[in-house]
Amino acid sequence: MIFGLLCTFFGLFMIAVFIGGILKDGFSRLSWDFIFNYPSRIASKAGIVSAFAGTLWIIVLTSVVAIPIGIGAAIYLEEYAKKSRLARIIEINISNLAGVPSIIYGLLGLEIFGRMMGMGGSLLAGSCTLALLVLPIIIVSTREAIKAVPNSLREASYALGASTWQMVKRTVVPAAGSGIITGIIISLSRVVGEAAPLIVVGALAYVPFVPSSPSS
């Protein structure tokens, strides 16, 4: 036990040193010009305002599209759908989609959202593409969180006269809330880190403006 505590302390100490070094080197280079300037070929004048604003737009729009659909699909598959062969095929496909390379989603988004639906290289097209990318993650994590809810809670809700929707809304979802939130955080972290799908859809390497709407 003492050895485990020493290892934990040493690990936390190394993390603190690592983060401290990053903060020490980073804060000395931060300035208002770096935060509020646009990208520039001159390093001393380059800023991140357009990239930061675009990232916020992408996160918000992707969340609006992916989270309700993902949680709704997981609830339907776990609480409403009958355990049939079709349901098993859908479950297998959802699990497989979580491992598809992101560049494939970029090509799919380019064709469906960018060309067929006429969104072009807009924020909305990129957000819908990333929503497809993270939907399997949200669905799988939400289903696992729902499966972890004891059946006794469901039976107690039914015994008190609750309908299936009331049971799901007031018992299952609150009990599985921590697992659902964890899946959402993991999916949004992937949204922030993905660049390949956005480049395929039409994201520019140099953006000298701040987006003003989802169609920007």
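# Buried faces, cores and salt bridges in a predicted model

Q: Which exposed residues does the face of α9 turned away from its buried side carry?
A: In this predicted model, that face of α9 carries Ser178, Ile185 and Gly193. Exposed is the word for a relative accessible area over 50%, and Ser178, Ile185 and Gly193 are exposed.

Q: Which residues of α9 are buried?
A: Gly177, Ile180, Gly183, Ile184, Ser187 and Val191 are buried. Buried stands for a relative accessible area under 20%.

Q: What do the buried residues of α9 pack against?
A: They pack against α3, α6 and α8.

Q: How do you know that the span of α9 agrees with what it should be?
A: The 17 residues of α9, at 1.5 Å a residue, should span 24 Å. The C-alpha atoms at its ends are 25 Å apart, so the span agrees.

Q: How many residues has the largest nonpolar core, and which have the most contacts inside it?
A: The largest nonpolar core has 24 residues. Ile58, Ile71, Leu130, Val134, Ile138, Ala176 and Ile180 have the most contacts inside it.

Q: Which helices each supply at least two residues of this core?
A: They are α3 (49-80), α6 (123-147), α8 (164-175) and α9 (177-193). With eight residues, α6 gives the most.

Q: What is Ile58 in contact with, leaving aside its neighbours within four places in sequence?
A: Ile58 is in contact with Leu123, Gly126, Ser127, Leu130, Val191 and Leu198. Contact here needs heavy atoms within 4.5 Å.

Q: Which residues does the second, separate core include?
A: This core has five residues, among them Ala74, Ala81, Ile94 and Ile139.

Q: Why is Leu132 called partly exposed?
A: Leu132 has a relative accessible area of 27%. Buried would need a value under 20% and exposed one over 50%, so Leu132, at 27%, counts as partly exposed. The residue sits in helix α6. Beyond its neighbours within four places in sequence, Leu132 is in contact with Tyr105, Leu108 and Phe113.

Q: What makes the pair of Glu78 and Arg143 a salt bridge?
A: The closest N and O atoms of Glu78 and Arg143 are 2.9 Å apart. A salt bridge requires a side-chain nitrogen of Lys or Arg within 4 Å of a carboxyl oxygen of Asp or Glu, so this pair qualifies. Glu78 is in helix α3 and Arg143 in helix α6, so the pair ties together parts 65 residues apart in sequence.

Q: Why is Arg143 called buried?
A: The relative accessible area of Arg143 is 8%. The limit for buried is under 20%, so Arg143 is buried. Glu78 is buried too.

Q: Which parts does the pair of Arg143 and Glu91 tie together?
A: Arg143 lies in helix α6 and Glu91 in helix α4 (residues 85-97), so the parts tied together are 52 residues apart in sequence. The side chains of Arg143 and Glu91 meet in a salt bridge at 3.0 Å, N to O. Glu91 is partly exposed, with a relative accessible area of 24%.

Q: Which residues are linked in a network of salt bridges?
A: Glu78, Glu91 and Arg143 are linked in this way. A search of the whole structure finds six salt bridges.

Q: Why does Glu194 count as buried, and Arg190 as partly exposed?
A: Glu194 has a relative accessibility of 16%, and Arg190 has 23%. Buried means under 20%, so Glu194 counts as buried and Arg190 as partly exposed. Their side chains meet in a salt bridge, with 3.2 Å from N to O.

Q: What makes the pair of Thr171 and Ser157 a polar contact?
A: The side chains of Thr171 and Ser157 are joined at 2.8 Å. Thr171 is in helix α8 and, at 16% relative accessibility, counts as buried.

Q: What lies 2.8 Å from a polar atom of the side chain of Ser141?
A: The backbone oxygen of Ile137 lies there. Ser141 has its place in helix α6. Leaving aside neighbours within four places in sequence, Ser141 is in contact with Gly179 and Gly183.

Methods. Residues numbered from 1 in each chain as written. Predicted model: local features only at pLDDT ≥ 70, side-chain atom pairs only at ≥ 80, totals over all residues. Heavy atoms only, no water. Core = buried A, V, L, I, M, F, W, Y, C linked by side-chain atoms within 4.5 Å. Buried < 20%, exposed > 50% of the residue type's maximum accessible area, 1.4 Å probe, protein only. Helix = DSSP H or I, 4+ residues; strand = E, 2+ residues; numbered from the N terminus. Polar contact = N/O pair within 3.5 Å; in protein donor to acceptor, adjacent residues only side chain to side chain. Expected span 1.5 Å × (residues − 1).
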